[in-house]
Amino acid sequence: MKRWIAMIAVVLSLTGCGYNDFQRLDEATKSAWSEVLNQYQRRADLVPNIVATVKGQANFEQETLTKVIEARAKATSIQVTPETLNNPEAFNKFQQAQGELSGALSRLMVVAERYPELQANQAFRDLRVTLEGTENRITVARNRYIQTVQEYNVLARSFPTNLTAKVFSYQPKPNFSVQNESQISTPPTVDFGAPKK
């Protein structure tokens, strides 16, 4: 009889400690992270098609293409595992590589604006629209991940569930951060005056 009472007490204490919530949110963060990776992979898969289309433009800047290819190689070379979510250093390294690829693709699209023949190429226009859609999907997936991590981290830091987090080693998870935070926190200067000659 005492054994049954002890088991019931343990079960009741576990339901109020947040253990099941940790399990649910841990799986939710892994799922959200998988969607982020899925969208990053989609973007990486588009890059060779974009580069091949742009290479058709004989006088296109080779340096820009090389930087895109190098950034893609770096971004896809990083092995991402579920443990990456619990390792802030590995997470940051992955995030930096994806940021470099985003920057290289942005520069490619800006440079491509200067080539009317390329802009008129239907394949390039289609790839550009697909890339823009993929960037939007990445943003949505990252936002979902951020929300899931926020919910998980609040649970890990709130009382009394923080006690469960300590007992079962549920550490707060790293979140996305902006790499150029100091640059984007300064408002841009807008001058509508006459251009200087």
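# Exercises on a predicted helical model

The crossing of helices α4 and α6 is left-handed. The model used in these exercises is predicted.

**Exercise 1.** Determine how α4 and α6 are oriented to each other, and which residues make their contact.

Solution.
- Two packed helices are described by the angle between their axes and the distance between the axes.
- Helix α4 covers residues 88–112, and its axis comes within 13 Å of the axis of α6. The two axes cross at roughly 150 degrees.
- Angles over 145 degrees count as roughly antiparallel. Therefore α4 and α6 are roughly antiparallel to each other.
- On the α4 side, the contact is made by Phe 91, Ser 102, Leu 105, Met 109 and Ala 112. On the α6 side, Phe 124, Arg 128, Leu 131, Glu 135 and Tyr 145 take part.
- Sorted by class, the residues of this contact are seven nonpolar, one polar and two charged.

**Exercise 2.** Carry out the analysis for helices α2 and α6, giving the orientation, the handedness and the classes of residue in the contact.

Solution.
- Helix α2 spans residues 19–55 and helix α6 spans residues 122–157.
- Their axes come within 8 Å and cross at roughly 160 degrees.
- With the cut-off of 145 degrees for roughly antiparallel, α2 and α6 are therefore roughly antiparallel to each other.
- The crossing of α2 and α6 is left-handed.
- The contact of α2 with α6 holds 21 nonpolar, seven polar and eleven charged residues.

**Exercise 3.** Decide whether Thr 134 and Thr 81 are buried, partly exposed or exposed, and place each in the structure.

Solution.
- Thr 134 is located in helix α6. Its relative accessibility is 0%, so Thr 134 counts as buried.
- Apart from neighbours within four places in sequence, Thr 134 is in contact with Gln 39, Arg 42, Arg 43 and Leu 46.
- Thr 81 sits in the loop between α3 (62–77) and α4. The relative accessibility of Thr 81 is 35%, so this residue counts as partly exposed.
- Thr 81 and Lys 30 are 51 residues apart along the chain, and their C-alpha atoms are separated by 9.9 Å.

**Exercise 4.** Inspect the backbone at Pro 160 and at Ser 169, and state what is found at each.

Solution.
- Most residues other than glycine have a negative phi, and most peptide bonds are trans.
- Pro 160 belongs to the loop between α6 and α7 (161–167). The peptide bond that joins Phe 159 and Pro 160 is cis, with omega about 5 degrees.
- Ser 169 lies in the loop between α7 and α8 (181–185). Phi of Ser 169 is near 55 degrees, a positive value in a residue other than glycine.
- Ser 169 counts as exposed because its relative accessibility is 54%.

**Exercise 5.** Describe the protein as a whole by its elements, burial, contacts and surface.

Solution.
- The protein has eight helices and zero strands. Read from the N terminus, the elements run α-α-α-α-α-α-α-α.
- The protein has 197 residues, of which 33% count as buried.
- Consider the contacts between residues at least 6 apart in sequence: 78% of them join residues at least 24 apart.
- The accessible surface comes to about 12800 Å², and 55% of this surface belongs to carbon and sulfur atoms.

How values were computed: Residues are numbered from 1 along each chain as its sequence is written. This is a predicted model: local features need pLDDT of at least 70, side-chain atom pairs count only at pLDDT 80 or more; totals for chains, interfaces and linings use all residues. Side-chain values use heavy atoms; hydrogens and water are left out. Axes are lines fitted to C-alpha atoms, for helices over the stretch in contact, and angles run from 0 to 180 degrees between N-to-C directions. Helices (H or I, at least four residues) and strands (E, at least two) are DSSP runs, numbered from the N terminus. Angles under 35 degrees count as roughly parallel, over 145 as roughly antiparallel, 65 to 115 as roughly perpendicular and the rest as oblique. A crossing is left-handed if the near helix is turned anticlockwise from the far one by less than a right angle, and right-handed if clockwise. Ala, Val, Leu, Ile, Met, Phe, Trp, Tyr, Cys and Pro count as nonpolar, Asp, Glu, Lys and Arg as charged, and the others, Gly among them, as polar. Buried means under 20% relative accessible area, exposed over 50%, partly exposed in between (1.4 Å probe, protein chains only). Contact means heavy atoms within 4.5 Å. Accessible areas come from the Shrake-Rupley method with a 1.4 Å probe; for residues, only the protein chains shown count as cover.
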